[in-house]
Amino acid sequence: MDVESELNEQRPLMTNVVRKMRSLYPVSDETVRSLRACVVPCRFPKRCLLIRAGIYCKAAYFIEKGMTRSYWLVDGEEVTTSFLGEGGIVFSMDELYYGKLSEEFVETLEEVEAYRIALTDLNRLFQTNIELANWGRIIHQNEYRRLHRSHKEHLTLSAKERYEEFQRQFPQVCRRVNLGYIASYLGITPSTLSRLRASQ
């Protein structure tokens, strides 16, 4: 399903987005105004694809409300790679930084309110606004750390330990996301995850 409706808001507040940004880097009111001038408020239903593998999206999405997941298709199976909630930003890294087709899909897990920004505008802001460039650096640092920890946990922890660590790091995801997606992220079967939950 691929449905989008634009919201009729003349001045997007981006409340959750700005709060999350400022929790990572102290962006100024001027920078927030520059960002607001480039975004379009929109709404998506549950199970809507924001980004598709093999297709140029040409946009990124700041998530104001709702949750998304990213996944790869491997031999026809969906392999969940990450989850994102309020205040985050989703985009194709391949497209934004390398001008290549996305290798991932991003779908909404709930109804989502978001702010769409063209990748050309996002790149321009990164190049001309030091505050947004630093915010971008920090979100990538954090993402690298998450990926590094996830890789280490897959190599060194048991399924039970991986799930316990996931619960500790991402309690909101545990409360809001289908168990099958969490099992896919952890590299275990849904039945194994169900047994782990039942034993807690």
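This briefing walks through some features of the structure above, from ring pairs to helix packing. Keep in mind that the model is predicted. Across the whole structure, a search finds nine aromatic pairs. There is also a largest nonpolar core of 23 residues, and a second, separate core of 16 residues.

**Aromatic pairs**

- A pair of aromatic rings is described by two things: the distance of the centres and the angle of the planes.
- Let us start with Tyr-71 and Phe-105, whose rings are stacked, at 5.1 Å centre to centre and with 10° between the planes.
- Tyr-71 belongs to strand S5 (residues 68-74) and Phe-105 to strand S8 (residues 105-108), so this pair ties together parts that are 34 residues apart in sequence.
- Are Tyr-71 and Phe-105 buried or exposed? Both of these residues are buried.
- Phe-83 and Phe-166 make an edge-to-face pair, because their planes are at 70° and their ring centres are 6.2 Å apart.
- Here strand S6 (residues 77-84) provides Phe-83 and helix H6 (residues 159-169) provides Phe-166, so the pair ties together parts that are 83 residues apart in sequence.
- Phe-83 and Phe-166 are both buried as well.
- Another ring to look at is that of Tyr-181: the charged end of Arg-69 sits over it, 3.9 Å from the ring centre.

- Thr-81 counts as buried because its relative accessibility is 13%.
- Ser-82, with a relative accessible area of 14%, is buried too.
- Not counting residues up to four places away in sequence, Thr-81 touches Ser-70, Tyr-71, Trp-72, Glu-104, Arg-146 and Tyr-185.
- With neighbours within four places in sequence left aside, Ser-82 is in contact with Thr-68, Arg-69, Ser-70, Arg-146 and Tyr-185.
- How many residues along the chain separate Ser-82 from Tyr-185? They are 103 residues apart, and their C-alpha atoms are separated by 7.1 Å.

**Nonpolar cores**

- In soluble globular proteins, nonpolar side chains tend to be buried together.
- In the largest core, the residues that touch the most other members are Met-14, Leu-35, Phe-62, Ile-89, Ile-117 and Trp-135.
- At least two residues of this core come from each of helix H1 (15-24), helix H2 (29-36), strand S4 (59-65), strand S9 (112-118), helix H4 (119-128) and helix H5 (130-156).
- Which element gives the largest share of this core? That is H4, which supplies four residues.
- Setting aside neighbours within four places in sequence, Trp-135 is in contact with Met-21, Leu-24, Tyr-25, Phe-62, Ile-89 and Phe-126.
- The second core includes Met-67, Leu-109, Tyr-163 and Leu-186.

- Met-14 has a positive phi of about 55° although it is not a glycine.
- You can find Met-14 in the loop between strand S1 (5-6) and H1.
- Asp-75 also has a positive phi, near 50°, and lies in the loop between S5 and S6.
- Are these two residues buried or exposed? Met-14 is buried, with a relative accessible area of 0%, whereas Asp-75 counts as exposed at 79% relative accessibility.

**Helices packing against H9**

- Helix H8 (residues 179-186) packs against helix H9 (residues 190-198) at an angle of about 105°, and their axes are 9 Å apart.
- This angle makes H8 roughly perpendicular to H9.
- On the H8 side, the contact is made by Leu-179, Gly-180, Ile-182 and Ala-183, while H9 contributes Pro-190, Leu-193 and Arg-197.
- H6 packs against H9 too, at an angle of about 70° and with the axes 10 Å apart.
- H6 is therefore roughly perpendicular to H9.
- Which residues make this contact? They are Ala-159, Lys-160 and Tyr-163 of H6, together with Thr-192, Leu-193, Leu-196 and Arg-197 of H9.

Terms used: Residues are numbered from 1 along each chain as its sequence is written. This is a predicted model: local features need pLDDT of at least 70, side-chain atom pairs count only at pLDDT 80 or more; totals for chains, interfaces and linings use all residues. Side-chain values use heavy atoms; hydrogens and water are left out. Rings of Phe, Tyr and Trp (its six-membered ring) pair if their centres lie within 6.5 Å; planes under 30 degrees apart count as stacked, over 60 as edge-to-face and the rest as tilted. Buried means under 20% relative accessible area, exposed over 50%, partly exposed in between (1.4 Å probe, protein chains only). A charge sits over a ring if NZ of Lys or CZ of Arg is within 6 Å of the ring centre and within 35 degrees of the ring normal. Contact means heavy atoms within 4.5 Å. A nonpolar core is a set of buried Ala, Val, Leu, Ile, Met, Phe, Trp, Tyr and Cys residues joined through side-chain atoms within 4.5 Å. Axes are lines fitted to C-alpha atoms, for helices over the stretch in contact, and angles run from 0 to 180 degrees between N-to-C directions. Angles under 35 degrees count as roughly parallel, over 145 as roughly antiparallel, 65 to 115 as roughly perpendicular and the rest as oblique.
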